Amino acid sequence: MEYKKMSHFPTDFLWGASSAAYQIEGAYREDGKGLSVWDKFVRIPGKTFKGTNGDVAVDHYHRFKEDVALMKEQGLKAYRFSIAWTRIFPEGKGQVNQKGINFYNRLIDELIANRIEPVVTLYHWDLPQALQDEYGGWESREIVTDFTNYAKTCFDAFGDRVNYWVSLNEQNVFISHGYQMESHPPAVNDEKRMYAANHIANLANASAIKTFHDGHYQGGIGPSFAYSPGYAVNGDPKNQVAATNYEDYAAHFWMDVYVYGRYPKMIYKWLTERGTAPVITEADRALLIAGKPDFMGLNYYQTQTIAANPLVGGVGLAAENNTGKKGTSSESGVPGMFKTTNNEFLKQTDWDWNIDPEGLRIALRRIDSRYDLPVLITENGLGAYDKLEEDHQIHDDYRIYFINEHIKAIKEAISDGVKVIGYTTWSFTDLLSWSNGYQKRYGFVYIDRDEESAKELKRYRKDSFYWYQKVIQENGQYL
């Protein structure tokens with residue numbers, strides 16, 4: 001729908017930015033912190049760009065006050081960050097590490113003192129290595145108890161000051177990359193193990209949410225899901241069916257469970273026929289239903305354009321472009337279900353991600369229509385090669401354009417009637433981009449480091465820093 005006059009952003013809209021503990025904190029063995037699976041994984045040759053790791057990252061652990069001061073200067077209304085499970089429980093369970101509690105208390109208090117709403121992610125991929133070694137991490141139902149205990153410890157320690165909790169970040173990503181594509185820990189390729197681990201992660205997510213609700217903690221909680229809406233490449237009915245398959249396979253398979261406690265029938269039947277369906281008990285079903293979230297967290301970066309993919313001779317899953325060499329990715333799919341294909345109407349980033357602001361409006365509309373939940377946009381941003389000029393300026397007009405167009409799409413979705421709580425971009429500062437090292441930059445604040453050296457980790461404001469500052473001041477009114 002087109003509007004003569006669009007709705008305004010709510011006066012309490014959470015304009016913010018995001019990060020994750022492993023990607024920014026550093027201090028990976030300080031103050032009693034235990035090792036996570038990523039601390040081990042990054043030391044496997046060839047798994048990350050130029051062997052980069054998060055040992056130092058951008059040293060937020062020691063510089064958080066400097067970073068929060070920059071957030072205040074920019075005018076952020078919210079800051080989404082994750083808690084490192086291994087700072088609270090170095091072994092994943094057992095004795096609480098008070099020094100870890102103290103660090104996040106200081107960070108939360110600093111944010112609140114500067115009138116910035118803390119949005120806390122409980123799990124952003126850094127599983128304690130001790131739990132992976134003891135019982136296989138997400139492959140054991142023991143983790144449901146341990147994750148719930150960890151979550152409750154955080155609720156009790158920080159819940160008097162936190163109103164927004166994100167339970168699991170991008171479950172669809174850490175499960176598929178860890179158990180199917182071998183590009184994340186534990187780096188295996190076994191679909192049966194993948195779907196079993198995914199089901200257990202669903203149980204852990206539901207258990208944490210149920211514990212939050214049973215404890216009557218203030219605020220709300222929900223998972224953040226990496227949603228890339230699918231379009232049929234054209235009007236051919238076969239491609240339309242493929243696009244429907246894609247939505248069930250790549251989106252509803254997670255979000256339906258979060259909200260309704262059940263898997264899409266077609267996908268579960270397909271898994272059963274392949275012998276890869278997870279075992280679901282009646283107790284599981286009851287827990288999943290009891291773990292309904294208060295909002296849906298949305299991580300949106302791109303859309304996918306979908307075509308039919310024959311069962312015989314069809315395209316399988318392809319590796320992602322982690323090099324930053326544009327045009328090096330290829331079609332990817334599931335034979336008999338769907339495949340991704342080029343969209344002539346869209347441009348791509350250097351990592352071959354489709355740039356599609358209108359897709360964010362579509363994502364918001366689809367979530368609102370299917371789940372009838374408020375949406376908190378927990379990630380959206382542009383990974384790019386930024387250049388630090390001799391005068392320490394960073395002219396990232398491409399990022400300004402990208403975010404500007406996506407904010408317009410949010411405004412259109414709000415005009416459509418979607419309740420959007422806030423928009424926390426990815427990311428506030430530059431950070432370690434997991435497998436992509438430090439070359440792929442997302443932040444409003446440039447961190448002067450690279451893969452070879454942490455240098456002095458100086459912070460420099462990009463042009464986008466000042467642009468977003470103005471957007472926040474005007475509450476997005478003049479976009």
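Before you start, note that the model is predicted: local features need pLDDT of at least 70, side-chain atom pairs count only at pLDDT 80 or more, and totals for chains, interfaces and linings use all residues. Residues are numbered from 1 along each chain as its sequence is written, and side-chain values use heavy atoms, with hydrogens and water left out.

**Stop 1: helix 8 and helix 9**

Select residues 171-179 for helix 8 and residues 191-214 for helix 9. Helices here are DSSP runs of H or I with at least four residues, strands are runs of E with at least two, and both are numbered from the N terminus. Two packed helices are described by the angle between their axes and the distance between the axes. Helix 8 and helix 9 pack at about 150 degrees, with axes 9 Å apart. That angle makes helix 8 roughly antiparallel to helix 9. Axes are lines fitted to C-alpha atoms, for helices over the stretch in contact, and angles run from 0 to 180 degrees between N-to-C directions. Angles under 35 degrees count as roughly parallel, over 145 as roughly antiparallel, 65 to 115 as roughly perpendicular and the rest as oblique.

Turn the view and you will find that helix 8 and helix 9 make a right-handed crossing. A crossing is right-handed if the near helix is turned clockwise from the far one by less than a right angle, and left-handed if anticlockwise.

Now show side chains. From helix 8, Q171, I175, S176 and Y179 meet E191, R193, M194, A197, N198, A201 and N202 of helix 9; contact means heavy atoms within 4.5 Å. By class, this contact of helix 8 with helix 9 has five nonpolar, four polar and two charged residues. Ala, Val, Leu, Ile, Met, Phe, Trp, Tyr, Cys and Pro count as nonpolar, Asp, Glu, Lys and Arg as charged, and the others, Gly among them, as polar.

**Stop 2**

Select P185 and P186: the peptide bond between them is cis, with omega near 5 degrees. P186 sits in the loop between helix 8 and helix 9.

Keep both prolines selected, as P185 and P186 also line the largest cavity, together with V37, W38, Y123, W125, L127, Q132, W138, F174, Y179 and H184. Helix 2 and helix 8 are the elements that give two or more residues to this lining of the largest cavity. Its lining divides into ten nonpolar, two polar and no charged residues, and the volume of the largest cavity is about 110 Å³.

A cavity is a set of points, on a 1 Å grid over the protein atoms alone, where a 1.4 Å probe fits but cannot get out; a pocket is an open set with protein on both sides within 12 Å along at least five of seven lines; lining residues have an atom within 4 Å of a point. Grid points are joined across faces, edges and corners, and a volume is the space filled by probe spheres set on the points.

**Stop 3: helix 9 again, with helix 12**

H199, N202, L203, A206, S207 and K210 of helix 9 make the contact with D284, L287, L288 and A290 of helix 12.

**Stop 4**

Move to A27, a non-glycine residue with a positive phi of about 45 degrees. A27 is placed in the loop between helix 1 (21-24) and helix 2 (37-41).

Next, pick A21, Y22, E25, G26 and K33, which lie nearest the centre of the second largest cavity among its 13 lining residues. About 70 Å³ of space lies in this second largest cavity. By class, its lining has four nonpolar, four polar and five charged residues.

**Stop 5: the second largest pocket**

Finally, select F345, L346, K347, I355, D356, P357, L382, Y398, Y401 and F402, which line the second largest pocket. That pocket holds about 190 Å³ of space. Helix 14 (residues 397-415) gives the largest share of the lining of the second largest pocket, three residues. By class, the lining has eight nonpolar, no polar and two charged residues.
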